[in-house]
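Please look through the structure below with its aromatic side chains and its ligand in mind.

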Amino acid sequence: MKAIRTFTVRSSLPESLRPLEALATNLRWSWHEPTRELFREVSPDAWLGAGHDPIQMLGRVGQDRLAELAADEAFVARVHGLAQGLEDYLSEARWYQSLEAAPRSIGYFSPEFGITSALPQYSGGLGILAGDHLKAASDLGIPIVGVGLFYQSGYFRQAISSEGWQQESYPVLDPDGLPLTVLRDDAGAPVLVSLALPGHRTLHARIWEARVGRVPLLLLDTNVRENAPELRGVADRLYGGGGEHRLVQELLLGIGGVRALAAYAERTGRELPEVFHSNEGHAGFLGLERIGRLVAQGLAFDEALRVVRAGTVFTTHTPVPAGIDRFDAALVRAHFASGELVPGVHADDVLALGAEDDAAVFNMARLGFALAQRANGVSRLHGRVSREMFGALWPGFDGEDVPIGSVTNGVHAATWTSPHLKRLAADVLGVGDTTKADWGSEALGDDRLWSVRRDMRAQLVEEARRRTRAQHERNQGTAPGWIDRLLDPDVLTIGFARRVPTYKRLTLMLHDRERLRALLTHPERPVQLVIAGKSHPADEQGKQLIQELVRFSQDPAVRERIVFLEDYDISMAKTLYPGCDVWLNNPLRPLEACGTSGMKAALNGSLNLSILDGWWDEHHDGQNGWAIPSANERVDAATRDALEATALYELVEHQVAPRFYDRDEGGLPRTWIRSIRHTLEALGPELSAERMLQQYVRDLYAPAAVAERAIAADDFAAARELAAWTARVRAGFGDVRVLHVEIDGVDRTPVVGDVIDVRAFVELGSLAPEDVRVEVVSGRMGESGELHDTEPHLLRHEGAAASAHRFAAALPVGRAGTFGYGVRVVPSHPHLATVAELGLVALAG
Ligand SMILES: *Cc1c(COP(=O)(O)O)cnc(C)c1O
């Protein structure tokens with residue numbers, strides 16, 4: 001019989017082992033090695049069988065084993081010691097507690113959170129980044145509260161058939177068997193948040209709380225009795241539906257999420273967030289709910305908008321247009337039309353914030369920028385690409401002035417560093433944090449490091465065989481003998497795992513199959529490949545790519561050297577990255593916004609072999625791996641693939657493999673090991689999520705809190721003033737004109753140190769000189785007359801004659817070379833964060 005429902009019985013723990021419950025329910029165990037080790041010792045079989053999930057594991061352990069442990073004094077002492085350690089971790093002051101003016105609380109919204117495979121609420125990089133964000137926030141003592149949805153089936157589980165075809169399954173999760181507790185009211189009933197939907201329907205959701213160390217994560221669950229049956233499945237799957245289903249998910253995430261934070265604050269006495277961070281556009285509706293709340297306090301929409309913008313941070317994650325959520329504008333209008341969804345917020349205002357030039361389309365990225373005063377991409381290159389991609393939203397401004405910065409992603413080192421390497425750092429180098437270890441230290445011999453790297457590789461080989469055996473047994477009823485020879489713990493191992501959208505080019509390596517075969521079966525310098533990845537269930541083309549790879553890997557001539565592992569997830573990733581000598585990434589530049597798998601590999605001493613895209617574009621230094629040259633973006637796709645695939649083969653054949661197999665008398669690849677040390681030492685601190693969080697706090701959260709406090713002070717005095725001023729400036733700016741510009745001191749060639757006098761005559765119409773900034777913008781001349789590396793210089797108001805105001809400055813010439821300059825007038829107000837904020841500019845000439 002097939003079960004129609006599952007439920008989980010939690011084991012009853014003997015009194016002396018009670019603290020195991022706290023250790024199992026706070027997800028800090030997912031990155032705290034001593035706690036994981038403790039769970040493993042409870043029962044190594046149950047730990048493995050439960051997929052390293054302590055709650056499931058405790059449910060599998062017999063009462064007699066628990067009684068035995070309860071009588072083991074040393075074990076009980078460890079349990080209590082670790083529980084005390086957790087208590088301390090949760091309460092002691094950390095980095096954040098030393099800051100001033102930092103926000104009292106931050107709400108972090110994301111459609112997915114990847115914390116551990118025991119809480120499968122993620123599909124890939126975006127979610128895992130969000131999970132790492134919360135973990136690092138916890139380690140640094142940052143008062144973040146995460147907000148997301150509880151998907152009843154999470155993302156799908158992937159199985160690969162004998163024919164190489166991806167098959168999806170959606171096991172239904174039982175929240176009672178997960179490390180979650182439901183938020184309850186005084187009477188003990190679950191607290192519900194509610195949203196009014198068209199047709200007089202109401203969507204309810206209960207609030208699950210996961211504890212990620214010090215950080216609470218609230219997940220909204222629509223599978224409640226109070227919902228009509230068709231609404232119970234609103235949060236059924238991650239990225240499962242389109243159109244209305246997805247819109248309602250996002251309304252719930254944004255609007256319901258703010259309501260959940262309010263309920264949570266009320267129940268726990270915590271602060272309501274001062275700063276709201278939308279991780280990608282899906283949660284963008286959160287700003288509308290915040291506006292609604294301010295309107296209820298007596299502010300006008302435009303005033304409330306100014307407050308909300310001040311306190312909101314928006315991170316964009318994709319330069320792939322198809323990756324941006326778009327909805328039918330009529331559908332969005334239908335949800336806001338009655339005014340009941342967010343009282344005080346009108347449909348017209350909503351549509352104005354998110355409409356594309358084609359007004360039938362509502363764009364969540366536009367909404368994100370409209371509702372956030374601060375926005376960023378996720379690597380330096382991606383910041384630049386985003387400024388170009390979205391530049392049209394700020395017409396008249398140069399790329400450098402488009403208000404999108406960048407914070408390069410990072411990864412949570414304690415989660416992603418192999419226990420082997422952590423142990424080595426602790427034993428030999430005396431530090432627990434591998435990103436702070438002195439990997440160049442003489443104390444650590446090359447032989448020791450290399451032998452640990454071999455252990456990591458051997459563990460991956462073991463794991464690949466175990467998984468492949470299980471897959472064959474499921475598909476064919478039996479596992480063939482060659483699986484015992486699958487992969488070799490001494491062969492150069494290249495890993496490649498990612499979701500399978502086209503731009504990531506899963507099958508680029510198959511471009512010249514003969515050439516790949518020759519690399520895999522090279523008599524002296526063989527290479528082996530470990531590959532994994534899920535295709536979106538609706539993406540048939542992606543599934544075909546997987547099938548091509550699987551079919552190739554089934555050829556008896558190569559099958560011991562190349563394997564596709566099914567069901568890529570966090571638990572696989574944790575063995576995969578450390579076990580690979582080289583991590584391969586070959587996206588179409590610049591479509592990989594950052595990419596984090598290569599970072600996780602690098603933290604384990606794996607060298608990257610990658611197109612110069614995302615994070616690698618800023619961190620490749622010639623010693624930490626190899627850059628695959630990108631072909632010109634303008635050549636056709638087939639030519640580009642051919643050029644880049646050939647470059648990849650050349651690199652592997654002539655550089656990577658020879659260096660890996662270049663051994664001294666002791667069998668050590670000294671040059672390779674030098675690169676490992678350099679990678680660990682140079683990249684460790686840079687790629688860590690702690691660095692990323694500190695940057696978010698300094699560059700975005702703290703300035704946002706300061707801005708919001710200033711604008712909200714004295715009963716929102718500044719917000720009211722700014723809204724009125726903005727309306728006045730918008731109305732009057734059309735009459736602003738630069739009449740002419742005079743420059744003295746360029747009749748002869750100026751030299752560095754000279755001074756150039758600039759005067760601009762500007763008509764301001766109804767605006768006053770204080771309403772604007774008049775700037776000379778100078779920069780290097782580009783090919784077609786555009787300016788680069790621009791620098792603005794402020795001109796001072798010197799007076800007015802007739803209708804013209806005179807603005808002037810004496811500019812020192814600081815650099816040699818050919819320069820151009822322009823003059824512009826932009827609105828100026830102390831509560832604007834950037835020159836382009838209102839999108840208004842008047843240019844000379
Ligand atoms: C890190 C990670 C990803 C994202 O990797 P990218 O390099 O950004 O594609 C996806 N899935 C899992 C399981 C991961 O651990």
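This is a predicted model: local features need pLDDT of at least 70, side-chain atom pairs count only at pLDDT 80 or more; totals for chains, interfaces and linings use all residues.

Residues are numbered from 1 along each chain as its sequence is written, and side-chain values use heavy atoms, with hydrogens and water left out.

A pair of aromatic rings is described by the distance of the centres and the angle of the planes. Rings of Phe, Tyr and Trp (its six-membered ring) pair if their centres lie within 6.5 Å; planes under 30 degrees apart count as stacked, over 60 as edge-to-face and the rest as tilted. By this rule there are 20 aromatic pairs. One of them joins Phe285 and Phe336, whose ring centres are 6.0 Å apart and whose planes stand at 40 degrees, so this pair is tilted. Phe285 lies in the loop between β9 (275–279) and α10 (286–296) and Phe336 in helix α12 (residues 329–336), so the pair links distant parts of the chain, 51 residues apart (helices, H or I, of at least four residues and strands, E, of at least two are DSSP runs, numbered from the N terminus). Both Phe285 and Phe336 are buried, that is, under 20% relative accessible area, where exposed is over 50% and partly exposed in between (1.4 Å probe, protein chains only).

In the pair of Phe660 and Trp672 the centres are 5.2 Å apart and the planes at 85 degrees, so the pair is edge-to-face. Phe660 belongs to helix α24 (residues 637–660) and Trp672 to helix α25 (residues 670–687), 12 residues apart. Phe660 and Trp672 are buried. Together with Trp450, Trp626 and Tyr661, they form one aromatic cluster.

Trp450 also has the charged end of Arg457 over its ring, 5.3 Å from the centre (NZ of Lys or CZ of Arg within 6 Å of the ring centre and within 35 degrees of the ring normal). The charged end of Lys534 likewise sits over the ring of Phe156, 5.1 Å from its centre.

Turning to the ligand, a polar side-chain atom of Lys504 lies 2.8 Å from one of its oxygen atoms. A side-chain N or O atom of Lys600 is 2.6 Å from a ligand oxygen atom, and a backbone N or O atom of Thr596 is 3.0 Å from a ligand oxygen atom.

Finally, UniProt places the feature "domain: DUF3417" (unreviewed entry) at residues 13–119; such annotations may be inferred rather than shown by experiment. Residues 13–119 are 53% helix and 4% strand, with the end C-alpha atoms 22 Å apart.

Technical notes:
A polar contact is a pair of N or O atoms within 3.5 Å; within protein, one must be able to donate a hydrogen and the other to accept it, and residues adjacent in sequence count only if both atoms are side-chain atoms.
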